[in-house]
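Please look over the structure before reading the points below.

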Amino acid sequence: MIRVQDLSVSFRSPVLDGVNLHAPPASILALVGPGASGKSVLLKSVAGLLRPDRGDVFVDGVSLADKDEPGLAEVRKGIGMLFQNYALFDYLTVGENIAFPLRRLFDLPEEEVQARVSERLARVSLPGFEHRIPRSLSGGQKKRVGIARATVARAPILLYDDPTAGLDPVTSQKIYDLIKGEQREQRGCVVMISSDVAGVLTIADRVAMLHRGKLVFEGSADEAKTSVDPLVRQFIHGLVEGPL
Amino acid sequence: MTEASATLVDSGPSALGRLMAPVSAGVNDIAGLFRLLGRTLTLISQGKREKGALLEQMYIIGNRSLVFMCITMGFIGAIITFQSAVQSQRLLPDLTMLGATFIKLLVRDMAASLGAMPLATRVGAGIAAEIGSMVVTDQVDALRMCAADPVDYLVVPRFIAATIMGTAVLIIAGAVAILSGMVIANGVFDVNFHTYLNFSMVTLGDVGLGVTKMVAFCAAIAIISAQRGLSTFGGSEGVGTATTRAVVGSSFAIIVLNFFISGLGYFFVPS
Amino acid sequence: MSGSRLLALPARVGASLLSLADQIGGMTLLLSQALKRLVPPRVDRYELVRNLHRMGVQSVPIVMATAAFTGAIMVIQAAPLVERFNAREFVGWGASFVTFREVGPLLIALMFNGRVGANNAAELGTMVVTEQVDGLRALAIDPIGYLVMPRIIAMVVMIFMLTILGDGVALIGSIITGDLLLDVDPRTFLASAIPMLGPWDVIAGLIKSALFGLMIAVTSCYFGLATRGGAPGVGRSVNASVVAAATGIFVADYLSTFVLG
């Protein structure tokens, strides 16, 4: 569903170096790695928000490299994204935030839009929050609104950038359950960055690990847990001693 | 990356190149600003933005700056009148033409040039900080994910609002400056209100030139501040830097534009 | 509906006035705390030199460019009047007095505010948001002596020197424009300017500059240190600081104009 081919991105210094990755449809891929290993940059490249220096990204077989903004907009109809800082539009209400992609990408009648917004809010356990403003919400609530906005268009591809960062363990588990429940229902392709390795492994089907911009592991969740590669072993199990 | 990084001129790593680097950086900067201006103007007719956004921006910009500008220009009017009176009394003791000259200069130039500087501070910093905050919290990327052009959604309403409301505010503030000058001239130098409010020296050319300057300055403030906001990077410090660059860039652009428009005015618009 | 909105207006004005009083009070407090650190001197010397260098380097190019254009513009503006009253000999005086006494210090102060003032507020704001200021206190380092005083001193000294430089560059700009545009010989220009302008005209302008510098310094430090709320908070502080300092500059300009005569 998503294929990353020899992707290299650098800002003032190289951030990603020749990454090859494959995210099959109807599965959850966990993208993990130490800080500053390039995970967010990889995710943004998959969304077409960053242009690579080398390599390409194929979304459902379509290459992103030579697309301009209108071309990318077509591709993005099939992608929903949750950003690390929630990226809720603070000049819109919660309801308007969730409705935004629907109104922009599709031509749906207003009642349908409202119905979907309410349904999403109920699904993320925030019923009746349509008229609240983002500033009045807690971190966990903002994340849930972000998930509602990312999933409202029923996109087949979902990109989550660290959905449980800064949340307490109970709320984190609820978010993981929510993401997994959605994925099982919609049979979507999910790529999820997480710094909470133990937590994300409870719902991931596949795992990819980045270290200093290079892909050092790609395989199933079970393979990740039993890997003998010292880097992977240390990170997955949270050990103090090792190459990291 | 985003479109902000396309360069027009690249001076290269040689010694001459390094010396010319600030110049080529400046040229690229100006080219980028004109590109943004072009896109903004095209999108004014073609764009698909939210309907309420323009009115909201006009309210925000007008509301935010009117009181500040009236106070500011009130002070400026008083100060300049006072200084002019003190100095011209060294030449001739007769202050009958004080008001007339002051009003002419105000309409032709000072309402725009002296008023645009504090306006750049108020409006420009606001635009850059707003857009910059949205960049660092990923809201601009989120817009792009929903096929919404950030220039259309964020820059166009602010551009139109700043140009229209900014000009209106400058005109009103200019009037306040005249009034405060009148009060000072009367209070300190015993110049009759009626004598001061002498519009005889003001020509249509003066009004045209003054309004042209106001529109040009406000448009410059809007585009430069929006561009600095959109090119923010680096978290909280980045927003501060963007605001700084917006105010300084706008102020400097006003001075340079004033130089050119005044020059043209000197040759083509008789006074 | 309109009745309650009518009542809301005085309430909003009242609230703004209270908040204004709060801010002015806060800044005065900051200033007095800073001044206490002058006697005996408890100012971090390294920070002082670093700030002097940085603020100067940041501002010299733009102030010089501003001054050159301003000098030119003054002549362009004075030109029609000069020609109408046939007062060619007075171009030097006309352009210069406005520059040295008023427009020079004012524009330089506004540029300095936008450049150094905003940058200062952003720096201090970021330090607050990333808890560095708390970190200093935890190390028993006095934030006012270490952060605030060096910046205040550096800003006042810098703006003073920039005004001297700016006055010179503006004069050159005026002379060149006068020569090219009005055919006023540079010697005539200076000959008219020098007798009519006393040294007091230049000094008054410099005193104003120093005063504006103090205002910019205290305002930017105050708003920077009072930042709350992450990245958007820093943007808000910079915004508030730049606007407050600009207002303060105009008020100070007004008051000092009458005092300096």
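Is I193(A) buried or exposed? I193(A) is buried, because 23 other C-beta atoms lie within 10 Å (buried means 20 or more other C-beta atoms within 10 Å of the residue's own, exposed 12 or fewer, partly exposed in between, with C-beta atoms placed from the backbone). This is a predicted model, in which local features need pLDDT of at least 70 and side-chain atom pairs count only at pLDDT 80 or more, while totals for chains, interfaces and linings use all residues. Residues are numbered from 1 along each chain as its sequence is written, and chains are lettered from A and ligands numbered from 1 in the order in which they are written.

**Surroundings of I193(A)**
- I193(A) belongs to strand 8 (residues 189–193) of chain A; strands (E, at least two residues) and helices (H or I, at least four) are DSSP runs, numbered from the N terminus.
- Apart from neighbours within four places in sequence, I193(A) is in contact with L31(A), K39(A), S40(A), L43(A), Y160(A), D161(A) and D162(A) (contact means that the C-beta atoms of two residues, placed from the backbone, lie within 7 Å).

**Contacts between chains**
- Of the two pairs of chains that touch, chains B and C have the most contacts.
- Chain A and chain C share no contact, and their closest C-alpha atoms are 11 Å apart.
- Chain B gives 46 residues to its contact with chain C, and chain C gives 44.
- On the chain B side, helix 2 (52–89), helix 3 and helix 8 (235–268) each give two or more residues, and helix 8 of chain B has the largest share, 19 residues.
- That side of chain B divides into 22 nonpolar, 20 polar and four charged residues (Ala, Val, Leu, Ile, Met, Phe, Trp, Tyr, Cys and Pro count as nonpolar, Asp, Glu, Lys and Arg as charged, and the others, Gly among them, as polar).

**Helix packing**
- In chain B, the axes of helix 3 (residues 98–136) and helix 5 (residues 150–189) come within 7 Å and cross at roughly 140 degrees.
- The contact of helix 3 of chain B with helix 5 of chain B has 20 nonpolar, five polar and one charged residue.
- In chain C, helix 5 (residues 143–182) and helix 7 (residues 199–225) pack at about 150 degrees, with axes 8 Å apart.
- The contact of helix 5 of chain C with helix 7 of chain C has 16 nonpolar, four polar and two charged residues; among them are V148(C) and R151(C) of helix 5 and V202(C) and G205(C) of helix 7.

Key: Axes fitted to C-alpha atoms, helices over the stretch in contact; angles between N-to-C directions.
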